[in-house]
Amino acid sequence: MNAFTVCRQGSRCWQRWLSWTSLAPQPLQHCSPLQIPGVPTARGLTSKATAIRFSPASRSLFDEPLGIAVQGLGPRQEVTLRASLRDEAGELFEARARYRAADDGELDLARCPALPGGSFSGLEPMGLLWALQPRKAFWRLVKKDVQTPFRLQLEVLEGHGDDPGRLLAQAQHERAFLRDGVRRVPVREGRIRATLFLPPGQTPFPGVINIDGLGGGLCEHRASLLANHGFATLALAYYQYEDLIQKPDKLHLEYFEEAVNYMLQHTQVKGPGIGLLGYSKGGDLSLAMAAFLKNITAVASINGPVAITAFPLCYKDKTIPALLCDEKRVKVYDDNILDYSDICFDPFKAPGNQSLIPLEKAEAHLLLIAGQDDRIVNSKYFATEAFKYLQARGKENVQTLIYPGAGHCIDPPFSPFYPIGNHPIFHKRAVLGGELTAYSKAQVHAWLQILAFFHKHLNDK
Ligand SMILES: CCCCCCCC(=O)SCCNC(=O)CCNC(=O)[C@H](O)C(C)(C)COP(=O)(O)OP(=O)(O)OC[C@H]1O[C@@H](n2cnc3c(N)ncnc32)[C@H](O)[C@@H]1OP(=O)(O)O
């Protein structure tokens, strides 16, 4: 399946994306030029001609392609485009790229390759977003309040110098997480601590529970973006949030079962089954839910271990122990960055197999997504061995997607690269893995596959 033929209910934005993949080359639909008042330059002059055009004009969704063009430059004029935004902690993220305008003075990022010497090079229409990098080392772009957008600032600077040239134009654009009409509903039902996102309209929607990785709290970014594509999506917290346990020494599957039941009883969630989207620790929890609980129709696991990790998982009279790790197997790189990729025991061999999730019990369709360079979880090995394990047991309900050059963080499309961060268990500076450009492609492809997977298996009923 071609990545770009996936979004059945593709909204307008994905049709624009399709045009970009040269499947159907079409001119970028130019919106009316942003009326950017002449920008006062260093010498007090205004450069009236240069104009930045975004498409969509002033606001787009975070996972949506964005058309960027600059008009009114001189023929083949050399300019540097600088993109920046601040996260909710005020930390600055920046990317810059060098370009040369076309003979007619137009610079369309969908057609003009970035030249060497910037944050990226080559024909990368979205490079100024996925190449954003934090001023503060090892800082991740996370969205805690999905009701507000990131405000992207774009500047056009004269020349290709290392020092910024004369400012020729600037403009702002909002990257939002909620499409108009999508409702955000805090959920405090029974023990459940979550947020439900509902698309506009009263019809029941296919339901998905999104479970994020270790770190505690309530991460809503994937769930909000998923809701924009027509799913009723529950972002589920499971520790270190409000009155949930702060430092768990085990997790109980009954809590997650309560979330499944909450979704299935909701008037706006279409049954008979729901989907699960799990990232990292959320991946192993989602697979365990599919193995032990009913009414799970489809599970997409992003770099999710196929064994229980970090804390034992209890369900009724069963307890699955956490996968054994030997921290002594950690590798230390010269700048004291740690690589934990080899510390886990093999869950397909004793004694690690006591933590293996009985995947063969799952009736759900399983989509195992792995970054080939994941240094937190040996995702590629886990996914390929799980595929063989299930095939050997006559199960045909699993597919795997392995992304060369992607590490542990496979975030929604156009997210900045986060290759080194805090290990979520050992809380030390650890390599997460991945390579910038490959990662930027993996994000898009994986997200489209996830959307197609849920549309296929949750809408076919
Ligand atoms: C044995 C191996 C098996 C492992 C299997 C499973 C492994 C995983 O689940 S890995 C997945 C990690 N989790 C995720 O990606 C989910 C998203 N969450 C996160 O990325 C983090 O929780 C993150 C960055 C949002 C921190 O947010 P939050 O919990 O609000 O941070 P906060 O409580 O303020 O601070 C906690 C730490 O995170 C740091 N932190 C906070 N925000 C950020 C940020 N944006 N970027 C980087 N670090 C951050 C803080 O500096 C603090 O560091 P330290 O403990 O060294 O002082």
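**A close look at the aromatic pairs**

Guide: Happy to! Let us start with Phe454, which is buried, with a relative accessible area of 0%. Keep in mind that this is a predicted model. Phe231 is buried as well, and its relative accessible area is also given as 0%. The protein chain has 16 aromatic pairs, and Phe231 and Phe454 make up one of them: their ring centres are 6.1 Å apart and their planes meet at 70°, so the pair counts as edge-to-face, a label for angles over 60 degrees. Now look at where the partners sit. Phe231 is in the loop between α3 and β15, while Phe454 belongs to helix α7, residues 436–459, so the pair ties together parts that lie 223 residues apart in sequence.

Next, find Tyr239 and Phe311, an edge-to-face pair with 5.6 Å from centre to centre and 75° between the planes. Tyr239 is in the loop between β15 and β16, and Phe311 is in the loop between β18 and β19; this pair links parts of the chain that are 72 residues apart. Both Tyr239 and Phe311 are buried. They also belong to one aromatic cluster, together with Tyr238, Tyr255 and Phe256.

Rings can have charged neighbours, too. Arg222 lies over the face of Tyr279, at 4.6 Å from the ring centre, and Arg393 lies over the face of Tyr389, at 3.6 Å from the ring centre.

Terms used:
Residues numbered from 1 in each chain as written. Predicted model: local features only at pLDDT ≥ 70, side-chain atom pairs only at ≥ 80, totals over all residues. Heavy atoms only, no water. Phe/Tyr/Trp six-rings, centres within 6.5 Å; stacked < 30°, edge-to-face > 60°. Helix = DSSP H or I, 4+ residues; strand = E, 2+ residues; numbered from the N terminus. Buried < 20%, exposed > 50% of the residue type's maximum accessible area, 1.4 Å probe, protein only. Lys NZ or Arg CZ within 6 Å of the ring centre and 35° of its normal.
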